[in-house]
Amino acid sequence: MQHELYMREALAEAQKAAGWGEVPIGAVVVYDGKVIARGHNMRETWKDPTAHAEILAIREAGRILGGWRLVGCKLYVTSEPCPMCAGAILLSRVDEVVFGAKEPKFGAAGSIVNLIETDEFNHRPQLTSGIMEEECGMILKEFFQQRRK
């Protein structure tokens with residue numbers, strides 16, 4: 001399945017985040033069947049509250065495509081986007097969002113609110129959830145178990 005192929009790429013980014021001691025969330029942007037941008041959480045390292053995987057991947061995709069409109073792009077992320085990231089997704093005009101694990105504390109794609117599929121905005125990406133949910137959730141669970149030790 002194509003979604004799993006790209007989610008594995010996002011999971012590789014999440015592993016990079018874990019290597020930095022960051023919450024292991026990864027994201028990739030796919031355009032024309034190719035991964036064009038990658039990101040993983042860097043909030044702690046950069047001391048930047050906006051350094052989420054999705055934001056970093058969206059910024060890189062914009063630079064690569066030469067504009068802020070990411071029409072034709074799909075964003076794969078290991079965890080459900082937060083409100084900030086959902087806003088960036090909407091503003092960048094990403095066509096589709098695919099995520100793995102639900103985020104019960106900050107999820108803005110269905111867990112707490114659903115900004116992605118709100119009809120009132122002038123853009124509404126397609127939303128697919130639960131892709132490799134167990135693997136995406138496990139990397140987070142293991143990370144926080146280790147932090148508590």
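Salt bridges, rings, cysteines and a pocket

A search of the whole structure finds 5 salt bridges, a salt bridge being a side-chain nitrogen of Lys or Arg within 4 Å of a carboxyl oxygen of Asp or Glu. The model is predicted, so local features need pLDDT of at least 70 and side-chain atom pairs count only at pLDDT 80 or more, while totals for chains, interfaces and linings use all residues. Residues are numbered from 1 along each chain as its sequence is written, and side-chain values use heavy atoms, with hydrogens and water left out.

One of the salt bridges joins the side chains of R38 and E9, at 2.7 Å from N to O. R38 lies in strand β2 (residues 34-40) and E9 in helix α1, so this pair ties together parts that are 29 residues apart in sequence. Helices (H or I, at least four residues) and strands (E, at least two) are DSSP runs, numbered from the N terminus. R38 is partly exposed, with a relative accessible area of 33%, and E9 is partly exposed as well, at 29%. Here buried means under 20% relative accessible area, exposed means over 50%, and partly exposed lies in between (1.4 Å probe, protein chains only).

R38 also meets the side chain of E13 in a salt bridge, at 3.8 Å from N to O. E13 is in helix α1 and R38 in strand β2, so the pair ties together parts that are 25 residues apart in sequence. E13 has a relative accessibility of 2% and counts as buried. Which residues belong to the network of salt bridges? E9, E13, K16 and R38 are linked in it.

Elsewhere, R124 forms a salt bridge with D119, and the closest N and O atoms are 2.5 Å apart. R124 counts as partly exposed at 44% relative accessibility, whereas D119 counts as exposed at 58%.

Next come the aromatic rings. The structure holds 2 aromatic pairs. Rings of Phe, Tyr and Trp (its six-membered ring) pair if their centres lie within 6.5 Å; planes under 30 degrees apart count as stacked, over 60 as edge-to-face and the rest as tilted. The rings of Y6 and Y76 have centres 5.2 Å apart and planes at 45°, so this pair is tilted. It links distant parts of the chain, with Y6 in helix α1 (residues 2-19) and Y76 in strand β3 (residues 73-79), 70 residues apart. Y6 counts as buried at 7% relative accessibility, and Y76 is buried with a relative accessible area of 1%.

The rings of F143 and F144 also have their centres 5.2 Å apart, but their planes stand at 80°, so the pair is edge-to-face. F143 counts as buried at 11% relative accessibility, while F144 counts as partly exposed at 33%.

The largest pocket has a volume of about 540 Å³. On a 1 Å grid over the protein atoms alone, a pocket is an open set of points with protein on both sides within 12 Å along at least five of seven lines, and lining residues have an atom within 4 Å of a point. Grid points are joined across faces, edges and corners, and a volume is the space filled by probe spheres set on the points. Of the 21 residues that line the largest pocket, V23, I25, E103, F106 and F144 are the closest to its centre. Helix α5 (residues 133-148) gives the most to this lining, with 4 residues. By class, the lining has 10 nonpolar, 4 polar and 7 charged residues. In this count Ala, Val, Leu, Ile, Met, Phe, Trp, Tyr, Cys and Pro are nonpolar, Asp, Glu, Lys and Arg are charged, and the others, Gly among them, are polar.

How many disulfides does a search of the whole structure find? It finds 0, a disulfide being a pair of cysteine sulfur atoms within 2.5 Å. The sulfur of C73 is 16 Å from the closest cysteine sulfur, in C85, which is too far for a bond. C136 is in no disulfide either, and the nearest cysteine sulfur, that of C85, is 15 Å away. C73 counts as buried at 1% relative accessibility, and C136 is buried with a relative accessible area of 0%.

The last stop is a loop. L115 is found in the loop between β4 (96-101) and β5 (126-128). At 25% relative accessibility, L115 counts as partly exposed. L115 and L65 are 50 residues apart in sequence, and their C-alpha atoms are 25 Å apart in space.

Definitions and conventions: 1 Å grid on protein atoms, 1.4 Å probe; cavity = no way out; pocket = protein on both sides within 12 Å on 5 of 7 lines; lining within 4 Å.
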